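Reader: Hi! Could you walk me through a few spots in this one?
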Amino acid sequence: MIRLGVLLVAVVGLGFGQFLAAAEPIRLTTDGRVKRDPVFSKPDGSELLFAVLDRPKQLRLMKLTLASGKVESLHPDETRSEFEPAVSRDGRFLAFVQNRGNLSLAMVIKDLMNGHQVDVPPGGGFSGMHSPAIAPDNLRVLYSYPEDGRQHLFSVGIDAKNPTRLVDSSGVNNWPSFSPDGQQVVFSSTRDGDYDLYVMKSDGTDVRRLTDSPKQDIRPRWSPDGRRIVFTSNRDGNYEIYSVAPDGSGLSRVTNHPEQDDFATWSPDGRRLVFVAERDGHQDLVSVEP
Amino acid sequence: MFDVGTFRAKTCDRAGRRAFLRVGAALPWMLGGLAVDEVVRAAAATRAKSIIFVWLWGAPSHIDTFDPKPDAPMEYRGPFTPISTRTPGLMVSELLPRLAARSHKYTVVRSNVTSEPGHPDAGTVGLTGFKEKPEPVRPNFGSIISKFRGHRGSLPPFVSVGRGIPRDVVRKVDGYGGGTLGKTFDPFMVSCSDLGEVEIPALQLLDGLTPNRVSDRRALLSLVDEVPRQLEALGIDEWDRTFQRAYGLLTTPAARAAFDLTAEPQKMRDGYGQTTFGQSCLLARRLVEAGVPYIQVNWSEYVESITPNCDFGWDTHIYNFELLQDTHCPIFDRAYSALLDDLDSRGLLKHTLVVAMGEFGRTPRINGRAARDHWPRCYFSLWSGAGIEPGRVIGASDKYAEDPITEGITPLMVGTTISELAGMDAQARAELRVLDGGSVIHELV
């Protein structure tokens with residue numbers, strides 16, 4: 001378990017090799033602004049995307065280059081909020097949520113090799129997609145979408161065609177994450193009352209419960225080697241990062257701090273976790289060994 | 001940092017006139033307000049020397065925050081688990097752990113009701129106690145306190161901290177200001193960034209007017225000389241009087257200091273969180289210390305929770321659970337807790353009334369988009385300080401939080417109670433012809 005209260009090794013500009021080798025927690029950003037959704041965007045782990053409250057009226061996608069510590073806007077000319085980026089394992093495809101109008105959000109799927117972009121448009125009225133996840137074979141994107149008072153998991157082709165409802169249960173189903181072989185998906189669901197983790201086959205069958213706590217278990221992320229799932233839980237009273245094996249065994253706590261730790265993501269080699277850490281009222285990206 | 005910014009009107013005569021008029025409208029306390037008849041009474045019954053009114057614009061879900069219903073069916077109660085508080089029997093949402101630990105510093109009202117289901121209309125009712133129609137629009141509670149207390153010293157009596165007049169994408173709230181008392185009693189608007197940078201838009205008089213230059217009267221006069229035609233068009237005497245009062249604010253060290261968050265220890269600033277709302281709450285505390293009678297802290301300018309060019313209000317028709325969990329509740333939980341702690345530790349809470357509320361609640365039954373819509377029939381408010389016995393729950397809602405099962409507490413009762421705690425009794429209200437027909441919330445006075 002890592003106690004992050006005191007020790008946060010500096011920081012920005014740390015070489016990429018050092019980033020991979022460091023045993024201590026590393027703070028990757030220093031601006032302290034409200035952040036969310038970090039995800040590695042290159043297979044070699046050299047680059048991160050995340051969303052930041054860049055100005056009072058916009059969540060903006062940012063790119064962090066670890067070798068230089070440089071943080072820059074991914075879409076500098078964009079004025080609408082964009083968040084929840086997801087990147088394919090090979091770094092070719094990017095999916096994210098984009099605010100299109102009043103309480104209306106689309107999902108954008110972009111081929112970074114050729115710049116081609118397709119959309120899953122918002123439904124009628126107030127509606128929006130949540131939490132895209134790209135399948136390891138680059139053929140499908142899972143996402144969460146509300147209908148009929150419930151929030152389901154859908155699957156859509158990488159070309160944004162043929163949306164199919166995968167998970168239809170009571171409550172909210174959200175934050176899908178593929179196993180490395182693409183055969184399984186872990187997600188959170190409130191079907192049994194509060195948010196707990198569930199695992200299913202990637203076709204939506206064989207749903208089984210993974211965690212059972214009286215608090216929230218949210219935002220699961222499957223490790224690249226398939227052996228662990230990290231997630232956020234407030235089972236101790238505030239948001240911390242936890243880890244569990246895909247069969248539900250070996251629950252362990254990764255962080256322990258009186259302020260929030262949330263939005264964990266794995267480095268592509270599985271050697272580090274990056275998450276949003278709130279420290280002294282400031283939110284920054286921090287990297288730790290899991 | 002104290003920043004009056006720059007003004008974009010350039011040298012266009014018409015723009016310059018508009019700029020002046022904007023100043024004139026936004027700084028009414030510097031104008032004729034000083035000459036109005038004052039109805040200042042002895043402060044024998046004054047329990048609240050200052051009031052901080054935290055306006056949770058967009059309307060937070062009551063069932064997901066301060067009125068959870070764990071035994072309701074899934075389609076009502078939502079995904080969040082209630083947690084115990086320091087007050088025996090009081091449960092609040094798990095999204096508010098800091099405020100749960102501080103329940104001995106506030107009292108929850110769970111039986112607020114309003115008449116209007118739409119934002120601007122309910123905003124006016126929530127801020128004035130009366131509907132927008134028929135006109136005229138009634139004065140904001142802060143304007144009433146401002147008139148009652150009068151203008152003393154160099155600071156305005158009613159300060160609104162936020163990015164602008166509360167509004168939705170269609171229009172502004174009519175009841176934001178002086179109403180029938182006149183624009184003289186409109187709030188003095190300031191805004192505060194997540195880094196604690198304070199801006200006073202109304203003082204963005206002229207290009208080149210910076211904090212350094214503003215303390216240099218010769219530089220100011222030089223700027224004035226650059227726009228003689230505007231002055232002539234406007235009437236030099238009045239413009240000069242307005243300008244001098246604005247200048248007086250900016251060049252009075254104590255007044256300037258009240259707006260300077262850099263004077264706070266870093267640890268204190270951190271405690272409120274690096275968010276616009278957090279730093280706005282800290283600014284409110286400084287203004288209380290400086291003797292400002294009424295400070296309205298706006299959560300956002302726009303109600304819309306996720307709309308282009310809107311600043312993430314509480315109007316969660318979609319993404320309700322995600323936004324409450326990811327941003328809104330953590331930010332509110334941290335900042336409001338820090339505010340109560342800060343006021344308490346300085347001994348200010350005894351004489352400061354702190355009220356937090358939105359314009360209505362949200363549908364207890366989850367909507368088709370797995371979120372919550374408007375619900376005027378039942379919502380919550382938080383009350384602290386000014387001698388109010390904390391750690392209580394006043395009023396109760398039914399099993400699904402759809403309606404109060406006790407007397408409904410209206411915005412007019414909220415305003416009347418605020419005025420009463422500020423030392424303004426029924427006779428004073430009648431003399432000012434405000435809050436007519438209002439009754440106090442007896443459990444709070």
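Author: Happy to! This is a predicted model. A spot to begin with is B:Gly291, which has a positive phi of about 95° and comes just after helix 12 of chain B.

Reader: Nice. How many residues does helix 12 of chain B have, and how far does it reach?
Author: Helix 12 of chain B covers residues 276-289, so to speak 14 residues in total. From first C-alpha to last it reaches 20 Å, close to the 20 Å expected at 1.5 Å a residue.

Reader: And is helix 12 of chain B mostly covered or mostly open?
Author: Mostly covered: of its 14 residues, 13 are buried.

Reader: Switching topic, where is B:Asn298 found?
Author: B:Asn298 belongs to strand 9 of chain B, residues 294-298.

Reader: Is B:Asn298 buried or exposed, and why do you call it that?
Author: Buried, because its relative accessible area is 4%, and the cut-off for buried is under 20%.

Reader: Which residues does B:Asn298 touch?
Author: Leaving out residues up to four places away in sequence, B:Asn298 touches B:Trp55, B:Ser160, B:Val161, B:Gly162, B:Gly164 and B:Pro166.

Reader: Great, now over to chain A. In what order do the four strands of the open sheet run?
Author: The order is 11-12-13-14, with antiparallel pairing. Strand 11 (130-134) and strand 14 (164-167) of chain A are the edge strands, each pairing on one side only. From one strand to the next, the twist averages 35°.

Reader: How many bridges are there between strand 13 and strand 14 of chain A?
Author: Three bridges, in the antiparallel sense; strand 13 of chain A spans residues 150-157.

Reader: And which residue stands opposite A:Ser155?
Author: That would be A:Thr164, in strand 14 of chain A.

Technical notes: Residues are numbered from 1 along each chain as its sequence is written. Chains are lettered from A and ligands numbered from 1 in the order in which they are written. This is a predicted model: local features need pLDDT of at least 70, side-chain atom pairs count only at pLDDT 80 or more; totals for chains, interfaces and linings use all residues. Side-chain values use heavy atoms; hydrogens and water are left out. Helices (H or I, at least four residues) and strands (E, at least two) are DSSP runs, numbered from the N terminus. The expected span of a helix is 1.5 Å times one less than its number of residues. Buried means under 20% relative accessible area, exposed over 50%, partly exposed in between (1.4 Å probe, protein chains only). Contact means heavy atoms within 4.5 Å. Two strands pair if DSSP finds at least two bridges between them. Axes are lines fitted to C-alpha atoms, for helices over the stretch in contact, and angles run from 0 to 180 degrees between N-to-C directions.
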